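Please read the following points beside the model.

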Amino acid sequence: MWYSLMLVRPGRVARRFLITLLAGALLAACGEDGAGPGQPPVVASVQVQPGQGTVTVGDELPFTVRALDAGGREITGRLVAWSSSAPAVATVTAAGVVTALSAGTADIRAAVDGVTGASELTVAEAAVAAVTLDVSDLHLWPGETRRLQAAAKDAAGRLLQGRAAAWSSASPAVATVGPDGRVLAVGPGQGEIRVVIEGIEAVARVTVSRRPVAFIAITPLTPVLTLGEGVQLTAVTKDATGQPLEERIVEWSVDNGNATISDDGLLTAVREGYVTVTARSEGVAASMGATIVDDAEYEHDLLYHRVTAAGSSELFVLTLGTGLAPLRLNAGSVSHAPTSSPDGRRVAFAVSMRELGTGLPVDDIFVIDRIGGLNLRRLTATAGIDDQPVWSPAGGKIAYRRAAGDGRSDIWVMNEDGSAPANLTADMDAAAVRSAPAWTRDGTRLAYSQIHNGPAGTTASIWVMNADGSSKTQLTSTLTGFDASPTWSPDGTRIAFVRYYGAEADITILRLSDGSLTRIPLEGRQTTPAWSPDGWLIAFGQNVRGIDELFTMQVNGTNVRLRTSDRSWGGGLAPAWIRRF
């Protein structure tokens, strides 16, 4: 601003007044913000709004900024740099939009031309307003599980993380629930599963139903029975996935009078012929056939040992084709692995016990008369273990296994009176274990198994040799498995043995002429096969229902028959054939 002064005569006072007016004009031209003429205003302070506030986690709100000069006038058009003192609590965008992330406090800062202002923000946890479950109606089978997922949300419908959940079941007999929300179906019925998060509850209804019977499995399949013989059938009810179903009622029936069947599935042969057996449960039926024959003309019966619940081991003879209970031999309660003389009148067997008085171990071979248990005689009395005796069908000799105290296990042979014992495999690897000798019918050769532990693993193979120990020949080889328990066919052309196929153990037949193998796949694990002297049957052991049972089958694997069919007989182990008289 310029002022005109009308001075007629400028003097000293007039000149001083003029200078003062010019200085004031220059100051007015510069302005009170401190900027020079034509210069932009200088930011003196920054205000962040809202100046202080409280929000909940998940909230978003815009912040604004006012830049002021020294006179308190607002300055616009300047760049603003936003920042948060605690990004884990709240973040701020370049446009000033703040997002609350977690509970705590944070200063929301704005810088304009190097001048910073701040607003303190308090972030609080959001209160739970609602709880939901991913499933509101749950349908399960007994034993089935399902994990429920609970979601906590605030009043705005936002998902809240990290909130503790308390689970409970209103009907534990129907279903239980764990602390992680996993529901276990217990029994048929209806109930509720509840979850509570910070006082807010959600409920899921749960219905547990019995699995319906889809099919029935009957075992053993297509049994062959002799007149008067009984076989215990088992019916396992299963659901559509093949899982066994517990506590289902099964009704048994037969279609004709050739056999009868009890309420618990004991099938008893009445007359020769064929019978169809049917099991029914909950409207589902399964049938199988059974053949009834008369095998009373067999010349040999089964000789075996049985381990009782008390731990004793006794010898028995089961006469085939009569249905009669097995006859216990009077051979003591520590006897096992029996073998018969060719005429069936004497039985050799192994004994394992502690000697009375001395407490010394006795692991030797004894012989006794079949009738009356007379003439008990000890055949071996050496250190180590003598067991697995096998009487030569030609008579006069008994082969057996001796496990010496030095770790050797060899095949020995002695006269049937115990004299002249001889080690037939003394020339073989001392680190290998040989066992399970088996005679040819003419007594000229022996088969046996050998287990060897080597760098490549454990192997077990079948070997043969002459009766004097000469001409040893390995017949089979398995790199990672076992071949065990050989038995000769009566004509000496084949050897049956047990081969382990992973978890299975099946009887396998080796044809000596060409080395071909025939596997007979049966359910479970078969043990200790014994070829009948007439060549028609192979007896073997198998664990059924937790009991070691004895079976026979034809050589081609058909007509598998449970011989220890009565549960009261207690099963059996290590079958051998003994002549009937």
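1. A search of the whole structure finds two cavities of 30 Å³ or more. A cavity is a set of points, on a 1 Å grid over the protein atoms alone, where a 1.4 Å probe fits but cannot get out; grid points are joined across faces, edges and corners, and a volume is the space filled by probe spheres set on the points. This is a predicted model, in which local features need pLDDT of at least 70 and side-chain atom pairs count only at pLDDT 80 or more, while totals for chains, interfaces and linings use all residues. Residues are numbered from 1 along each chain as its sequence is written, and side-chain values use heavy atoms, without hydrogens and water.

2. The largest cavity has a volume of about 60 Å³. Its lining residues (those with an atom within 4 Å of a point) include Thr-226, Glu-229, Arg-563 and Trp-569. The lining divides into four nonpolar, five polar and two charged residues, where Gly counts as polar.

3. The second largest cavity holds about 50 Å³ of space. Among the residues lining this cavity are Tyr-298, His-300, Asp-534 and Trp-577. Four of the lining residues are nonpolar, two polar and two charged.

4. Four strands (DSSP runs of E, at least two residues) form an open antiparallel sheet in the order S33-S34-S35-S36. Strands S33 (335-340) and S36 (377-378) stand at the edges with a single partner strand each, so one side of each has no neighbour in the sheet.

5. Strand S35 (residues 361-369) pairs with S36 in the antiparallel sense over two bridges; pairing requires at least two bridges found by DSSP. Val-367 stands opposite Arg-377 in S36.

Terms used: 1 Å grid on protein atoms, 1.4 Å probe; cavity = no way out; pocket = protein on both sides within 12 Å on 5 of 7 lines; lining within 4 Å.
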